[in-house]
Amino acid sequence: MKNRPLLRALLSGTVLLAASPALAQQTGDSTAEASTESTSDAPLTAEQAAAKAALLEAQVQSLQQQIDELKKAVATVTPSWRGAPQFEDKDKDKGWSFKPRGRIQYDVGYIENPDDAIQTRNLGFNTRARRIRLGVEGTIPGGFAYKAEADFANASVSFGDVILTYAPKGKLWNFTIGNHETFESLEQVTSSRFISFLERAQMNDAFNHTRRIGASFGISDKGNIARFNAGLFANHSIDSSFDNDGWIFGARGTYSPQALGGMLHLGANFNYRNYQENLQQVRYRARPFLQTTDQRFVDTGAFAAESDMTYGVELGGIFGPLHVVGEAQMLNTNAFSAGDRLEGLDATGTTTVPSENPNFFSWYAEAGYFLTGETRGYKNGMWDRTKVLKPFSKGGWGALQLNARYDFLDLATKDLRNGFNNNFGTGGFTPSINLARGGTQTGYLGSLIWIPEDYVRFILQYAHTAVKGGPFAGVVDPGLGAPLNERDYNVNSVALRAQVDF
């Protein structure tokens with residue numbers, strides 16, 4: 001009989017359970033006790049044995065049913081693990097989930113002071129807590145989801161995504177409201193946890209791409225191959241500002257088919273930004289590929305503009321352990337003209353007015369290869385987490401990736417160098433020539449990424465930066481042989497990042 005061991009266990013349990021009442025009845029009738037013992041010792045008839053077996057079998061089935069229900073209940077409340085415990089109701093119709101999230105990125109780096117000519121303490125060796133983010137994410141029945149992150153790095157508080165989304169079940173569209181990206185480029189919408197270098201391509205730094213408060217709409221096809229997102233945003237992130245007439249329209253579309261033995265990424269993005277009327281001073285500048293310094297070797301300085309438009313294209317591909325990617329962006333400004341007059345609350349002080357509308361340009365190309373055979377992660381039109389094939393915890397060495405990048409930024413334009421000083425309160429203006437405005441910056445970068453576990457990362461980066469013109473050209477090269485905007489110099493840097501996320 002298959003259930004005989006279980007029946008024996010049940011009988012033993014019955015004896016144990018009966019022990020307490022039996023001890024409590026020790027003062028009972030000894031004759032009745034003897035009679036019970038005599039009766040229990042009597043042999044069972046075939047009918048009695050069959051009935052007893054049927055009773056025990058029914059008890060076994062009842063207990064098994066209770067065990068199955070208990071297992072189901074335990075599975076429902078047991079958290080899964082995605083870098084941190086994720087609590088969710090396994091009944092998908094209920095749709096509740098909750099997960100803490102965050103990341104820590106700590107950088108240490110060294111950047112040259114060209115010819116030791118720049119008077120600053122912020123070149124050379126430095127360390128920085130680049131990001132220390134803590135937050136939560138989860139889902140709510142009805143197709144709703146939420147995410148909120150605060151960044152506490154460097155003894156200040158800023159915000160990452162703080163959003164509420166609605167994506168109805170079975171539909172191909174979604175809606176998002178809150179502080180989130182305005183769809184400027186592939187690297188900008190990709191999490192900093194998954195980029196190939198310490199910082200994103202310099203177009204994102206120079207052209208002021210970041211999160212803003214707004215609402216957006218997204219749609220995709222059934223295979224999630226083609227995607228489109230668009231939204232309207234205030235021209236500021238979560239802060240204490242009450243200015244309310246600056247706004248942004250952003251849109252981005254991607255197409256990622258299987259082709260050429262791998263997967264292709266094709267994308268385009270567009271951003272229109274209308275600036276706050278009482279703050280027409282815009283500025284475009286970029287750090288030299290790391291943020292252990294606050295120095296910018298290329299910088300337009302502040303100038304008066306009503307709006308700007310950014311046009312971008314994206315092209316990439318993943319072919320096993322190899323990935324290639326490139327992006328280009330053109331930024332066109334709509335600047336104020338000399339003699340423009342603003343009155344009342346919109347009047348500003350003296351600022352630079354370009355001779356024409358300045359236009360700026362940037363592009364980069366990158367290639368990377370996993371020496372350990374992994375494939376770069378990609379999801380929903382952006383880079384995603386790479387799954388380590390042989391984690392350190394299982395006797396492997398993790399994932400090892402080599403990357404190379406060429407990154408060019410052009411902020412040099414005669415329209416800005418030959419400008420005017422304008423007092424909007426009176427309409428008066430005087431010519432202002434400044435050859436140090438703008439400049440070009442070209443980066444030749446290499447990185448080695450080690451991912452011992454899925455949620456741990458180390459990035460070693462080298463960058464050779466070639467600068468032409470810009471605000472420090474006259475300091476680094478004080479010779480009189482060429483105008484400031486034609487003088488050039490080089491800067492080398494090396495940096496290391498330690499990262500953990502959950």
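Me: Leaving aside its neighbours within four places in sequence, which residues is arginine 193 in contact with?
Reply: Contact means heavy atoms within 4.5 Å, and arginine 193 meets that with Arg101, Arg103, Gln105, Arg385, Arg457, Gln499 and Asp501. This is a predicted model, in which local features need pLDDT of at least 70 and side-chain atom pairs pLDDT 80 or more, while totals for chains, interfaces and linings use all residues. Residues are numbered from 1 along each chain as its sequence is written, and side-chain values use heavy atoms, leaving out hydrogens and water.

Me: Why is arginine 193 called buried?
Reply: Its relative accessible area is 13%. Buried means under 20%, exposed over 50% and partly exposed in between (1.4 Å probe, protein chains only), so arginine 193 counts as buried.

Me: How far apart are arginine 193 and arginine 103 in sequence and in space?
Reply: They are 90 residues apart in sequence and 8.0 Å apart in space, C-alpha to C-alpha.

Me: What makes the pair of tyrosine 166 and tryptophan 173 edge-to-face?
Reply: Rings of Phe, Tyr and Trp (its six-membered ring) pair if their centres lie within 6.5 Å; planes under 30 degrees apart count as stacked, over 60 as edge-to-face and the rest as tilted. By this rule the count comes to 18 aromatic pairs. Tyrosine 166 and tryptophan 173 are 5.8 Å apart, centre to centre, with 65° between the planes, and thus form an edge-to-face pair.

Me: What makes the pair of tryptophan 173 and phenylalanine 217 stacked?
Reply: The angle between the planes is 25° and the centres are 6.4 Å apart, which gives a stacked pair. Tryptophan 173 is in strand S7 (residues 173-181) and phenylalanine 217 in strand S8 (residues 211-220), so the pair ties together parts that are 44 residues apart in sequence. Strands are DSSP runs (E, at least two residues), numbered from the N terminus. Phe144, Tyr166, Trp173 and Phe217 form one aromatic cluster.

Me: Why is phenylalanine 217 called partly exposed?
Reply: Its relative accessibility is 38%, so it counts as partly exposed. Tryptophan 173 has a value of 32% and is also partly exposed.

Me: How do you know that the charged end of arginine 376 sits over the ring of tryptophan 383?
Reply: The rule asks for NZ of Lys or CZ of Arg within 6 Å of the ring centre and within 35 degrees of the ring normal. The charged end of arginine 376 sits over the ring of tryptophan 383, at 3.9 Å from its centre. Arginine 405 lies over the face of tyrosine 364, 4.4 Å from the ring centre.

How values were computed
Helix = DSSP H or I, 4+ residues; strand = E, 2+ residues; numbered from the N terminus.
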